[in-house]
Amino acid sequence: MISRRFQEGGAGADGKVGPAPEERVHGEAGRAAIMGILNATPDSFYDRGRYYGLEKGVERARQLIAEGADILDIGGVKAAAGPPLPVEEELRRVVPLVERVREISPVPISIDTFTPEVAREALERGADIINDTSGLADPRLVEVVAEAGARVVIMHRASPPRVKVPLPRYGDVVREVVEFLRGRIEVALAGGIARENIIVDPGLDFDKSAHHSLELLRRLPEIKALGYPVLLAVSRKDFIGEVLEVPVEERLAGTAAVTALSVAAGADIVRVHDVGFMRQVARMAEAIVGAGDDR
């Protein structure tokens, strides 16, 4: 599990914000890590480019760290279907931001990418985790992660990234997601990625209806049974909007409900936009179910 023992924000004696280097990414039972979303894109579905640009991105990183983010997830490509983004442009959006964030804080940095070239460059500049929404579709990405000794998030999806396809039909969505993840874990291990560096993500909303995403949440223990930390990207998702019949701007309450129940059920990492708010939600849920300590 990812540690939650990070400072509450603010600068230390060395002028840096966040956790001490020895407290970066390691295990601790009972607490979910809060992964803050930092979109380095002009067209993200929620913030719509509000933090696009290097200086805006750095300021947003400072804010997320101050709110208690345990991990920052930086992404340079919108998740929704669309034309391919040139590798050079993704590098331009991501790499300088990684460098600047690493200068101000040793907080673990995750890179939301399925492109090996971007993963390699980001890891060389200080990133710690590759959040691969393709499910390790590119064997070269396995090589990059293994060579760097980095952590990797393996996400389930039934289609290639950025490609719009009809929703697949599942006989049993949870069973099929677990089988997919088990197979990709075997690929990761065979490619030299250390067992302790693997994190899994069932891919809520990705090639799934609201019913599918809700079923995955209900049966989270079956995903946990794989024996790896589980990341859930829950923030303001379409399935929340469909259930509550609200637009993305009005999905804070729904995200809070999903976060609380996910953490109570054992999610190890929750990926969110509203870090300070969801951190309180997670800590309260853990207190109710008796997880972690009483601080």
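Visitor: Which residues line the second largest pocket?
Guide: This is a predicted model, in which local features need pLDDT of at least 70, side-chain atom pairs count only at pLDDT 80 or more, and totals for chains, interfaces and linings use all residues. Residues are numbered from 1 along each chain as its sequence is written, and side-chain values use heavy atoms, with hydrogens and water left out. A pocket is an open set of points on a 1 Å grid over the protein atoms alone, where a 1.4 Å probe fits and protein lies on both sides within 12 Å along at least five of seven lines, and its lining residues have an atom within 4 Å of a point. For the second largest pocket, the lining consists of Leu214, Leu217, Arg218, Leu220, Gly254, Ala257, Val258, Leu261, Ser262 and Ala265.

Visitor: Which element gives the largest share of that lining of the second largest pocket?
Guide: The elements that give two or more residues to this lining are α6 (210-218) and α9 (252-264), helices being DSSP runs of H or I with at least four residues and strands runs of E with at least two. The largest share, 5 residues, is that of α9.

Visitor: Which residues of α6 are buried?
Guide: Residues of α6 also take part in the lining of the second largest pocket. With buried meaning under 20% relative accessible area and exposed over 50% (1.4 Å probe, protein chains only), the buried residues of α6 are Ala210, His212, Ser213, Glu215, Leu216 and Leu217.

Visitor: Which element gives the most to the lining of the largest pocket?
Guide: At least two lining residues each come from β1 (33-39), β7 (231-233) and α8 (238-244). The element that gives the most, with 3 residues, is α8.

Visitor: What is the phi of Asp205, and is Asp205 buried or exposed?
Guide: Asp205 lies in the loop between β6 (198-201) and α6. Its phi, near 80°, is a positive value in a residue other than glycine. With a relative accessible area of 18%, Asp205 is buried.

Visitor: Is Glu245, which also has a positive phi, buried or exposed?
Guide: Glu245 is found in the loop between α8 and α9, and its phi is near 60°. Most residues other than glycine have a negative phi. The relative accessible area of Glu245 is 72%, so this residue is exposed.
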